[in-house]
Protein chains: 2
Amino acid sequence: MTWLVNCGALGIFDSGVGGLTVVRAVQELLPREAIIYLGDTARVPYGSKSPETIRRFSDEDVRYLLQHDVKAVVVACNTATAHALPMLEQKYRVPIIGVIEAGVEAVLADPNSQRVGIIATRGTIASHAYQHALAQRRTGLRIIAQATPLLVPLVEENWLNEEATKLVLQKYISPMLDKGIDTLLLACTHYPLLVPMLQEITAGAVRIVDSATTCAEHLRRELLRLDLLNEGEGDGILQIGLTDLSEQFEELAERFLRRLPPRITRVELG
Amino acid sequence: MTWLVNCGALGIFDSGVGGLTVVRAVQELLPREAIIYLGDTARVPYGSKSPETIRRFSDEDVRYLLQHDVKAVVVACNTATAHALPMLEQKYRVPIIGVIEAGVEAVLADPNSQRVGIIATRGTIASHAYQHALAQRRTGLRIIAQATPLLVPLVEENWLNEEATKLVLQKYISPMLDKGIDTLLLACTHYPLLVPMLQEITAGAVRIVDSATTCAEHLRRELLRLDLLNEGEGDGILQIGLTDLSEQFEELAERFLRRLPPRITRVELG
């Protein structure tokens, strides 16, 4: 396909359309930046697959974005960040920014955080990437990690106010509350849509940190540091490419982006 | 990889490991048959993806099986049957057997079936393949089709006795019961594991037809008709190849197969 922007855009990829929550946050914070978004919807989800497969898919995603001369790559997928970021950073010279660093920073920004709950896909939890990053930086931190694989399907079905969703969340979260968590880190780009229900379940007693918003802030700091912020005038263009197109993905894209997405194009990798 | 059996085996494929419910039924009915099973776990699920993508993936799956000289191919995936079977039948000379024909026959085996509920993935329902096949054969049949995308994740999480699962099923099934269905067709290879809970919810008032068992019976008739039944002695070998290997897939395989699976190998397509 022909992209309207090329050199100088931010490349953002995710296994599917969940990463558009990151795009939304980036557009709010950095409206000047042009964005090329790649969602690997033909092979979504990554969260249940093996580390080797996630690394191979992520590598193909980055190569696609680099073919379009992006100035930096954002890995808007927790599972891909957890398993592939070190490999990607080693392999490519362009700055590659994941979601984990940002989430960890946001958790530790509160010096009183002592017991941190993390919810994420099976792959992210199994990677121990968050647990490791947190434990390295604050001694004595208690970390309670819980894989919550049913949340992505429930969000994708838009069951955000259903009794069944509440039951599922309670089953996942209650044991964490019993262990006295003071912070809950949403380590999956789908989960911000569950914040209202999570606030209800945790009765406002827990600080909720979401990886989408924190990633945008982290990205701004990184772009500033690397002198890569767009200084131009006017708002940047967003272009979305998906490896599989379906009505459902387009509807989902609108929900994650909270507005009508621009024209979505099907792209091929490799 | 090296397969122990080659020429003369049955090739069975699915988007993931759900098709092992079909394998189980085939092994019970046709224990002499050697089986090469291919699960495309690297790209699972197919049920939420577009018809074009499902056809492309299914074609790659069949080509892989044909490279191993199978005598017939079973499409143990409802979504792949719904979108790809006609194309596959046209393209290849080997007999290709899907799950839909079998399910439709089983529904119509009861002459009193008047109102048939169908539950399946979004892709299967959207294809109208079952609705079309049923409507063609019995005039006046009332068909109530419902996409039930949350059931696969719940089955894969083994939440077979959870209150949340019951709530989800009730939300899907109650409107069908209100419409007076007398038959419920489980048009997804994952759903046989939900039969106990479905019987509870339907209070035994509805005939439940599952596509896994019926597919094995249909396959036997087809192999007989084509003179392809294995007349040899001893039980056939089962070999499982998956495009992605993970602990979770191996656990799931055991659950769908209801016994410890043979050694599972990672295979590459295309």
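Trainee: How should I read the contacts in chain A with a separation of 6 or more?

Mentor: Look at sequence distance. In chain A, residues 24 or more positions apart account for 78% of the contacts with a separation of 6 or more. Keep in mind that this is a predicted model.

Trainee: What does the radius of gyration say about chain A?

Mentor: Set the value against the globule rule. With 270 residues, a compact globule would come out near 18 Å. Chain A has 18 Å, so the two agree. Then take the extents. The C-alpha trace of chain A spans about 55 × 40 × 40 Å along its principal axes.

Trainee: How much of chain A is buried?

Mentor: Burial is a neighbour count: 20 or more other C-beta atoms within 10 Å. By that test, 52% of the 270 residues in chain A are buried.

Trainee: Which residues have the most contacts inside the largest nonpolar core?

Mentor: They are A:V75 and B:V75. The core itself has 168 residues.

Trainee: How many helices and strands are in chain A?

Mentor: Chain A holds 11 helices and 10 strands.

Trainee: Which elements give two or more residues to the side of domain 1 of chain A that touches domain 2 of chain A?

Mentor: Start with the totals. Domain 1 of chain A puts 24 residues into the contact, and domain 2 of chain A puts in 24 residues. On the domain 1 side, the elements giving two or more are α1 (20-29), α3 (78-91), α10 (211-225) and α11 (247-257) of chain A. By class, that side has nine nonpolar, 11 polar and four charged residues.

Trainee: How many residues does each chain bring to the contact between chain A and chain B?

Mentor: Chain B brings 21 residues and chain A brings 21 residues. On the side of chain B that touches chain A, α7 (151-156) and α8 (163-178) of chain B each supply at least two residues. The most comes from α8(B), with five residues. The classes on that side of chain B are nine nonpolar, five polar and seven charged.

Trainee: What else is often used to give the size of an interface?

Mentor: The accessible area lost when the parts come together is often used.

Technical notes
Residues numbered from 1 in each chain as written. Chains lettered and ligands numbered in written order. Predicted model: local features only at pLDDT ≥ 70, side-chain atom pairs only at ≥ 80, totals over all residues. Core = buried A, V, L, I, M, F, W, Y, C linked by C-beta atoms within 7 Å. Buried ≥ 20, exposed ≤ 12 C-beta atoms within 10 Å, placed from the backbone. Contact = placed C-beta atoms within 7 Å. Helix = DSSP H or I, 4+ residues; strand = E, 2+ residues; numbered from the N terminus. Nonpolar A, V, L, I, M, F, W, Y, C, P; charged D, E, K, R; others polar. Rg over C-alpha atoms; globule rule 2.2 N^0.38 Å.
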